[in-house]
Amino acid sequence: LQASPRARMALTAEALDALELGVPVPCEAVPRLDDAIEHLRRHGVVEALELHAVARTLAVARTLRSYARDRRDELPRLGEVLTSSPRLEALREALDAAIDEHGQVRDGASPELRQARRRLSGARKALMDTLGRLAARHADVLREGGWVERDGRFGLPVRADAHRRVEGIVVGTSATGATLYVEPPEVTRLCNSLTLAEAEVEREVARIVAELSTRVAGEVDDVATAYEACVVADLLAALSRWAEVGRCKAVVVDEEPLVD
């Protein structure tokens, strides 16, 4: 809160008045945005999780705007410091539409991403189905009974004395050397398809995140103001609760010294 001690105390007094009136300053937790805002000011690209943090903060700022609007006449100082640009609501909606609560880009963020993830799902299913079929076919020479994944490669755990019965490349061995992990040719092809599908999804996710970052960067000053309002609200709500417990009052110092 960048203000003089006198101004801060006057604001605290209004927060205590609000508490006595039964309309305490709203307080909801928001994530730290200092680093993200600084990065966006340099026109950088932030992570999807940080974009979700921006959206969460803007949702709290919307609540504060409503509170400030309704209390502007009776609590003018609060009305001033807890407000932010209503234009941010469109930005919040865009972020929420693209990023879920876990900080992941939603399928619906773009038609291209939905299609890419559908292809990725199909490639993964084809690989799993093929591995299951091959494991069943070669069950008599498998040591561990099923397919395995080692260092991102998929193969069959074949007994070393029977590995020639399974066509493919050896992608690893057990510690004892008794088991060879063989990747059949059809698995290699499907792994390549899976890798390409994963890369396609990653490219589209990166494009969406970059596009949203650019949009937030274009409104970063308003976002910073909204974030500051949330921080001030958190501070005032804490001060109000402490004052209530400790039976404290705000002391507003006169502008000029005087003797009474």
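Figure 1. Ser85 is buried, with a relative accessible area of 12%; here buried denotes under 20% relative accessible area, exposed over 50%, and partly exposed the range in between (1.4 Å probe, protein chains only). This is a predicted model, in which local features need pLDDT of at least 70 and side-chain atom pairs count only at pLDDT 80 or more, while totals for chains, interfaces and linings use all residues. Residues are numbered from 1 along each chain as its sequence is written, and side-chain values use heavy atoms, with hydrogens and water left out. Ser85 belongs to the loop that joins helix 4 (76-81) to helix 5 (88-98); helices (H or I, at least four residues) and strands (E, at least two) are DSSP runs, numbered from the N terminus. When neighbours within four places in sequence are set aside, Ser85 is in contact with Arg65 and Asp222, contact being defined as heavy atoms within 4.5 Å.

**Figure 2. Thr130 and its contacts.** Thr130 is located in helix 6 (residues 111-137). With a relative accessible area of 9%, Thr130 is buried. Apart from neighbours within four places in sequence, the residues in contact with Thr130 are Glu186, Val187 and Leu190. Thr130 and Val187 are 57 residues apart along the chain, and 7.1 Å separates their C-alpha atoms.

Figure 3. A disulfide is a covalent bond between the sulfur atoms of two cysteines. The search of the whole structure returns zero disulfides, the criterion being a pair of cysteine sulfur atoms within 2.5 Å. Cys27 takes part in no disulfide, and the nearest cysteine sulfur, belonging to Cys230, is 9.6 Å away. For Cys230, the closest cysteine sulfur is that of Cys27, and the 9.6 Å between them is too far for a bond. Cys27 is partly exposed at a relative accessible area of 33%, whereas Cys230 is buried at 3%.

Figure 4. Most residues other than glycine have a negative phi. His43, although not a glycine, has a positive phi of about 60°. This residue is placed in the loop between helix 2 (34-41) and helix 3 (48-71), and His43 counts as exposed at 67% relative accessibility. Arg247 is likewise not a glycine and has a positive phi of about 55°. Arg247 is found in the segment after helix 8 (220-246) and is exposed, its relative accessible area being 80%.

**Figure 5. Context of the close-up views within the chain.** The chain contains eight helices and four strands, arranged from the N terminus as α-α-α-α-α-α-β-β-β-β-α-α. Its radius of gyration is 30 Å, well over the 18 Å that the globule rule gives for 260 residues, so the chain is more spread out than a compact globule; the radius is taken over C-alpha atoms, and the rule is 2.2 Å times the number of residues to the power 0.38. Along the principal axes, the C-alpha atoms fill a box of roughly 105 × 40 × 30 Å. Of the 260 residues, 41% count as buried. Among contacts with a separation of 6 or more, 65% are between residues 24 or more positions apart.
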